Amino acid sequence: MAAFMVVLGVFLFVLCFCSALLKWNEVRYRKKGLPPGTMGWPIFGETTEFLKQGPDFMKNQRARYGSVFKSHILGCPTIVSMDPELNRYILMNESKGLVPGYPQSMLDILGKCNIAAVHGSTHKNMRGALLSLISPTVITHQLLPKIDQFMRTHLSDWNHKVINIQEKTKEMALLSSLKQIAGIESGSMCDEFKPEFFKLVLGTLSLPIDLPGTNYRRGFQARKNIVSMLGQLIEERRASQEDHHDMLASLMRSEDNRYKLSDDEIIDQIITILYSGYETVSTTSMMAVKYLHDHPKVLEELRKEHLAIRERKKAEDPIDLNDLKSMRFTRAVIFETSRLATIVNGVLRKTTQDMELNGFFVPEGWRIYVYTREINYDPFLYPDPLKFNPWRWLQDKRLESKNYFFIFGGGTRQCPGKELGIAEISTFLHYFVTRYRWEEVGGDKLMKFPRVEAPNGLHIRVSSY
């Protein structure tokens, strides 16, 4: 009996203590004019619920508090906006008290000099430098031939195999980018780089808790190893005086850029280009394969478009700019895949001063999560929104230029590598659908939050077409 009373006493004490902590955290952030909402636990906030429940967490909070509410996610007090008009205003008015507000884990691991973190004139200069690396001329004459050569080789030996398409598209996105950025082919550096980069990616969406075994610690250590590898590569290039024609060479040539980048800035830009391209290209490619498998009529139309291109060319002829321009249905498939799978859920901004948004007070230093995911499923914007229908992009060619089109970001921070990414995915799909047919092996589970991924892989049996 005494033992029972002790256990009961401990339980009641813990319950009261937890309730007091939750109450204290709510009172702590109860300022006049703030949007309604809950803040969860001190330090951790509602991050666990946000990462586990994802869209359901957002829908529940919106049902309780409206389209604008407060929370505490990814280590910071945050205003979540699910209002399309407010989201557009925030994205188009970065200079008015708003700057990038990425989680601390992402800033630490991608680097504080990366283009996603800087703002003002520094962002303008770095964006200009990056755009010069992926201009239409550069894509046509330098990058597209490398992409074509890589895709031919990467997809050359898939016949009569069961492959994990998630693993293959991840490798594809990373290795193709390494080839374009630094001319790195398969070999010892690729073998060293690949596992470190995958750890870095996992660490960017984690609580910044620097303890052994955490994704943050592994990701931060992976960054150190990658910085060391890239730093050594830069030193070797300077010592060799050999002429190179890739992104790294352009970043290192100060005469090519109005804004001279330090080695640290060059490395951070390379990591950012690799990270952003990897996430979107690999996931969109994997999900396109999934949706094409599930929708035979779409696959038939896509294959028809690519077989027509092949008929005009010799077997050894690469994909060129005119071929890309003719891939109208392919572009529609890519947009529809990105919309339905929702590769990007939203973007983060941070306030540099106290401000008012939609009649609500937002304190200085708070983050604003521009949550764009639900826009992709709005039946007023996309009729029958849960249906995979690439034809919608051809029937209404204005969809790509609509105010609510945030698939590739928005405002001054629209993804500078949008067209390069589309070129990579299009080239991959070209060689995949003209060479192979495939069927899924088993019912591999798909998760769509916080990242779109197949936890156990997505396995397909491939045979020649």
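This is a predicted model, in which local features need pLDDT of at least 70, side-chain atom pairs count only at pLDDT 80 or more, and totals for chains, interfaces and linings use all residues. Residues are numbered from 1 along each chain as its sequence is written, and side-chain values use heavy atoms, with hydrogens and water left out. The protein chain has 465 residues, of which 52% are buried; buried means under 20% relative accessible area, exposed over 50%, and partly exposed in between (1.4 Å probe, protein chains only).

**Overall make-up**

- The protein chain contains 17 helices and 10 strands, taken as DSSP runs (helices H or I, at least four residues; strands E, at least two) and numbered from the N terminus.
- About 22,000 Å² of the protein chain is accessible surface, and carbon and sulfur atoms account for 55% of that area; accessible areas come from the Shrake-Rupley method with a 1.4 Å probe, and for residues only the protein chains shown count as cover.
- Of the contacts between residues at least 6 apart in sequence, 70% join residues at least 24 apart, where contact means heavy atoms within 4.5 Å.

**Nonpolar cores and a surface patch**

- In soluble globular proteins, nonpolar side chains tend to be buried together.
- The largest nonpolar core has 93 residues, and the members that touch the most others are Trp158, Ile165, Phe193, Phe428, Phe432 and Trp438. Helix α12 (residues 263-294) supplies the largest share of this core, 14 residues.
- Such a core is a set of buried Ala, Val, Leu, Ile, Met, Phe, Trp, Tyr and Cys residues joined through side-chain atoms within 4.5 Å.
- A second, separate core of 15 residues has Met39, Met355, Leu357 and Val370 among its members.
- Beyond its neighbours within four places in sequence, Trp438 has contacts that include Val289, Leu292, Phe432, Ile460 and Arg461.
- On the surface, Trp41, Ile43, Phe44, Ile209 and Leu211 form a nonpolar patch with about 470 Å² of accessible area together. Patches are made of residues with over 30% relative accessible area and no salt bridge, with like charges joined within 9 Å and nonpolar side chains (Val, Leu, Ile, Met, Phe, Trp, Tyr) within 5 Å.
- Phe44 sits in the loop between α1 (2-28) and α2 (47-53) and is partly exposed, at a relative accessible area of 40%.

**Salt bridges**

- The structure holds 18 salt bridges, each being a side-chain nitrogen of Lys or Arg within 4 Å of a carboxyl oxygen of Asp or Glu.
- Arg461 and Glu439 form one of them, with their closest N and O atoms 3.1 Å apart. Arg461 belongs to strand β10 (residues 459-464) and Glu439 to strand β9 (residues 436-440), so the pair ties together parts that are 22 residues apart in sequence.
- Arg461 is partly exposed, with a relative accessible area of 41%, and Glu439 is partly exposed with a relative accessible area of 41%.
- Salt bridges with shared partners join Arg312, Lys313, Asp320 and Asp323 into one network.
- Lys313 is in the loop between α13 (296-311) and α14 (321-326), while Asp323 is in helix α14, 10 residues apart.
- Lys313 is buried at a relative accessible area of 15%, whereas Asp320 is partly exposed at 32%.

**Buried asparagines in loops**

- Asn345 lies in the loop between α15 (328-341) and β5 (346-351) and is buried, with 8% relative accessibility.
- The side chains of Asn345 and Arg373 are joined by a polar contact of 2.6 Å. A polar contact is a pair of N or O atoms within 3.5 Å; within protein, one must be able to donate a hydrogen and the other to accept it, and residues adjacent in sequence count only if both atoms are side-chain atoms.
- Asn114, in the loop between α5 (104-110) and α6 (120-133), is buried with a relative accessible area of 2%.
- The C-alpha atoms of Asn114 and Asp268 are separated by 5.0 Å, although these residues are 154 residues apart along the chain.

**Positive phi angles**

- Most residues other than glycine have a negative phi.
- His160 has a positive phi, near 60 degrees; His160 lies in the loop between α7 (136-154) and β4 (161-164) and is exposed, at 66% relative accessibility.
- Asn358 has a positive phi, near 55 degrees, and is placed in the loop between β6 (355-357) and β7 (360-362).
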